[in-house]
Amino acid sequence: MRAVVSLVVVLLLLWLAVWTVVARDAFLAVAGFIAYGLLLSLVWVRLYGIDVALTEAAIGGGLTGALLLGAVGRLRGTEAAARSERPGVGTRVLAMALSLGVTAALVLCVLALPEPGPTLAPQVARELPATGVGNPITGVLLAFRALDTLLEAIVLVIALIGVWSLAPDRFWGGRPGMRHHADPDGVLAYFARVLPPIGIVVGVYLLWAGADHPGGKFQSATILAAMWMLVQMAGLADAPAVGNRLLRAGIVAGPLVFVAVGLLGLWTAGYFLGYPQGWAKPMIVAIEVALLPTLVLVLALLMSGAPARSAER
Amino acid sequence: MTAETLIALVACALVGIGLYGLIVQPHPLRKLVAFNVMGSGVFVIFGALARRGAAAGMPADPVPQALLITAIVVAFAATAMTVALLLRLIESTGSASLAAEPPAADGEAR
Amino acid sequence: MSFALDLFSVVAVSGGALFYLAGTVGLLRFPDAYTRLHALTKADNVGMALVVIGLMPQVGGVLAGLKLVLVWLLVVFSSAAVSQLIARTARRRDART
Amino acid sequence: MPGRWKSGDAMADFLLWMAGFVVLMVALGLVRVARGPNRAERMMAAQLLGTGATGALLLFGAATGEAAVVDVALTLALLSAFASIGFVKFAVRQDQPPEDGEEAG
């Protein structure tokens, strides 16, 4: 009985994936991709990955969707030219064969998986009490595999530097994207005034809940970044100039605190990112709180793109 | 067949569909969307593996799930980076073509 | 008591699903943007409201129930704002032709 | 919040079916998006997807018994509202010549 519902959901997922690939124009493909992201968060719930579902709902459906929509809007005119470059039948058949081959290989791998599946859950369950947090995912992200999370934070900052470095020389240090305008008494401006306070409460709640329940800094930061972007899209605030020193300090603050905590561990616990006995939870919370502003700034600025006008209004 | 096996098999197909779009669609933005579909297929396979690792009272293995969160965020960063590259490409060449020789019709290529 | 609550849930959630159905049928069958928008917002407001009301007895406590209401309020608020913006886009288009 | 939903098995089955139904309705609605014919219809996509997915998620969460799914629905409601504005801005931009900048509601 229940399998039928799962079947409906995954078949729709497949249909949407095909849609995004074969859709007539880029807008339809992106709209399909947003729907795909929303459906994917249902699949994550089905796989008991509530934390993952939260991240997917926030990033897959929301941020990536808005980013791609913005790109489609600025790419009009290039689509017709691209259509003339459509590969011939031969290439398409070859691509189809290759895709089927890859799928078949993956299917064989999935069917050959050992039973029962290998797992690290018992180890996590055994060591989790020592960290003082109740959510095993937070435990993995900030205690057992904290190095991964540190590197990820650094990767995000590097990606942002990469995006900024695409700015034309004359706009270096300027503001990204174009200035949005909207009627200050209109519906959009009203919407962008009411929603962010609610979003901020929900975002901070998710950060706070992340210690013991699904949630955490990534999901929280995504919501906060989306709220900031909303204010910008409604023309209520301008994007910050990327040359702003305060902004740059905020961007590197999170990773720096993370590294500092790691070095402190070297001194107190004997290894990098070690937490001294009984101090794990406060340190985890400190890292989460310090990373939050960094993540908000990085995610929002990644969405905004490269500087495209000078810092003056 | 368990639900997670079903989902894993569908995810294999998602990877294939994404790969096909990545090769066949000429417009870079369409390639990017297809690539994201492909990536999410990989994520879902990984998530199904996590679900198979349910043990010790946990409904799924938390280690792969934590890595998935990291992966989704990094995938967003990569997508944003690609979009920025693409917009820059159009700004400097006036065309979104990835062909080695842009079509002659695009006279305004600088 | 529990049976009555379950029955209530079933009725309310079914009603909500019916509104989702109506919304989709309207979206597919109605002739122009304004009427389609009308159908769509019924799914948002009433369909979602009935689902939320129906789930109310099924959640653990008052706090979870409040969160459900917050979800509904958010959906209704964004639906109200976005449908305004959609209708304006449609009207601008109609004014031009 | 902590704890699980207290619904029984038959109830969970019913809610799951309803979740599947709502997902199906959303999918059917997407046909309108593909058919268009105008931007307004396409923008309705965002709206439909947001509410549909949020409703399905609530039902799905109630059925699987994970209380934290409400948080996912909350996130989804917020972010799909954000994506809707993305759709609106997109449509408004398409309505105007590019050098005009943007103007909305």
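**Note on the predicted model: salt bridges, surface patches and chain contacts**

1. Over all chains, a search of the whole structure finds 7 salt bridges; a salt bridge is a side-chain nitrogen of Lys or Arg within 4 Å of a carboxyl oxygen of Asp or Glu. The model is predicted, so that local features need pLDDT of at least 70 and side-chain atom pairs count only at pLDDT 80 or more, while totals for chains, interfaces and linings use all residues. Residues are numbered from 1 along each chain as its sequence is written, chains are lettered from A and ligands numbered from 1 in the order in which they are written, and side-chain values use heavy atoms, with hydrogens and water left out.

2. In chain A, A:Asp238 forms a salt bridge with A:Arg175, with 3.7 Å between the closest N and O atoms. This pair links distant parts of the chain, 63 residues apart: A:Asp238 is in the loop between helix H10 (217–233) and helix H11 (245–268), and A:Arg175 is in strand S1 (residues 175–176). Helices (H or I, at least four residues) and strands (E, at least two) are DSSP runs, numbered from the N terminus.

3. A:Asp238 also meets A:Arg309 in a salt bridge between their side chains (3.0 Å, N to O). A:Arg309 lies in strand S2 (residues 307–309) of chain A and A:Asp238 in the loop between H10 and H11, so the pair ties together parts that are 71 residues apart in sequence.

4. Another salt bridge in chain A joins the side chains of A:Arg126 and A:Glu127 (3.8 Å, N to O). A:Arg126 is exposed, with a relative accessible area of 57%, whereas A:Glu127 is partly exposed, at 38%.

5. The surface of chain A carries a nonpolar patch formed by A:Leu147, A:Leu151, A:Ile154, A:Ile158, A:Leu263, A:Leu266 and A:Phe272, with about 610 Å² of accessible area together. Helix H8 (146–164) and H11 of chain A are the elements that give two or more residues to this patch, and H8 gives the most, with 4 residues. A:Leu151, found in helix H8, counts as partly exposed at 46% relative accessibility. Patches are made of residues with over 30% relative accessible area and no salt bridge; like charges are joined within 9 Å and nonpolar side chains (Val, Leu, Ile, Met, Phe, Trp, Tyr) within 5 Å. Accessible areas come from the Shrake-Rupley method with a 1.4 Å probe; for residues, only the protein chains shown count as cover.

6. In chain C, C:Arg88, C:Arg91, C:Arg92 and C:Arg96 gather in a surface patch of positive charge. Lys and Arg count as positive and Asp and Glu as negative, with His and the chain ends not counted; the place of a charge is taken as NZ of Lys, CZ of Arg, CG of Asp or CD of Glu. C:Arg96 lies in helix H3 (residues 62–96) of chain C and counts as exposed at 56% relative accessibility.

7. Chains A and B share the most contacts of the 5 pairs of chains in contact, where contact means heavy atoms within 4.5 Å. Chain B and chain C do not touch, and their nearest C-alpha atoms are 20 Å apart.

Notes
Buried < 20%, exposed > 50% of the residue type's maximum accessible area, 1.4 Å probe, protein only.
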